[in-house]
There are 2 protein chains.
Amino acid sequence: MTVINFDDEYFMRQALIEAAKAKEENEIPIGCVIVSNNKIIARGHNMSEMLNDCTSHAEMIAITAAEEFTNSKYLQDCKLYVTVEPCLMCAGAIMWSQIAEIIYGTRDLKRGYSVFCNPFAKKIKIKGGILEQECRQLMQDFFKDKR
Amino acid sequence: MTVINFDDEYFMRQALIEAAKAKEENEIPIGCVIVSNNKIIARGHNMSEMLNDCTSHAEMIAITAAEEFTNSKYLQDCKLYVTVEPCLMCAGAIMWSQIAEIIYGTRDLKRGYSVFCNPFAKKIKIKGGILEQECRQLMQDFFKDKR
């Protein structure tokens with residue numbers, strides 16, 4: 001019997017599965033899952049190109065879905081896993097949602113929220129570098145292929 | 001014959017009409033219109049409560065609608081009118097959309113983007129204080145009634 005360890009790597013791998021869906025759809029390959037009590041309650045991947053909508057980032061889609069699922073505007077008990085550091089828009093949405101913890105894979109040195117400011121109160125936990133290599137490689141390959 | 005002057009006050013009044021719709025729906029009364037060549041191409045008002053979705057701010061709804069309308073992720077020739085200074089999430093979305101100009105009514109001293117940082121490049125024009133009194137009053141009355 002295989003015992004599944006529901007740790008950060010497990011959920012980041014799920015976010016990577018979402019990112020791979022984005023890649024297949026020729027979107028910037030970023031994926032996200034939202035977890036409550038070790039259960040994934042929402043998934044999202046970047047759909048900006050398909051929907052012609054700059055707001056359709058992985059995190060935004062997952063937050064909207066999680067709030068629909070929980071029937072609440074607030075996600076205080078949830079963790080958000082995303083393959084790439086959230087942008088300012090997504091950081092703002094995370095702030096509004098009162099998500100308890102952000103776990104991201106690789107930093108975004110151009111558009112990540114931390115390039116601009118840290119809008120989060122101390123009570124939110126932020127962890128970077130989970131499966132960093134895989135998360136970054138997916139992005140690098142995507143942009144290399146575009147050139 | 002009445003000549004309509006398509007100036008900032010005219011479009012802010014349209015944003016106020018959107019804010020009034022939010023108020024009727026018991027939402028925080030914020031409204032937005034997006035204008036291209038003196039034509040309103042999208043409207044939005046806050047729908048966070050109704051949709052149980054913290055991402056459903058007036059600006060987000062209007063940006064998504066404008067991008068749907070123009071069939072483009074970018075709104076470079078557009079102006080965004082909003083009754084209250086955008087929050088960080090909405091500022092991030094405006095940044096992605098490449099909107100040319102933001103015109104807001106009253107500042108948001110708690111949650112406005114400028115409390116945290118100024119993420120905008122110099123090329124975006126930002127103007128505050130259009131119909132400020134009316135925009136602020138709408139907010140103040142709303143929160144007074146809530147108490």
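A salt bridge here is a side-chain nitrogen of Lys or Arg within 4 Å of a carboxyl oxygen of Asp or Glu. With that in hand, look at A:Lys73, which forms one with B:Glu49, their closest N and O atoms being 2.7 Å apart. Across the interface of chain B and chain A, the rule finds two salt bridges.

This is a predicted model, in which local features need pLDDT of at least 70, side-chain atom pairs count only at pLDDT 80 or more, and totals for chains, interfaces and linings use all residues. Residues are numbered from 1 along each chain as its sequence is written, chains are lettered from A in the order in which they are written, and side-chain values use heavy atoms, with hydrogens and water left out.

Now step back to the whole interface. Counting contact as heavy atoms within 4.5 Å, chain B and chain A contribute 27 residues each. The two chains bury about 2,500 Å² between them, 64% of it on carbon and sulfur atoms; this buried area is the accessible area (1.4 Å probe) lost on putting the two parts together, summed over both.

Which element gives the most to the side of chain B that touches chain A? That is α4(B), with seven residues. Helices here are DSSP runs (H or I, at least four residues), numbered from the N terminus. Nine of the 10 residues of helix α4 (residues 88-97) of chain B are buried, so the helix is largely enclosed by the rest of the structure. Buried means under 20% relative accessible area (1.4 Å probe, protein chains only). Among the buried residues are B:Leu88, B:Cys90 and B:Ser97. After the helix comes B:Gln98, with a positive phi near 60 degrees.

Definitions and conventions. Buried means under 20% relative accessible area, exposed over 50%, partly exposed in between (1.4 Å probe, protein chains only). Helices (H or I, at least four residues) and strands (E, at least two) are DSSP runs, numbered from the N terminus.
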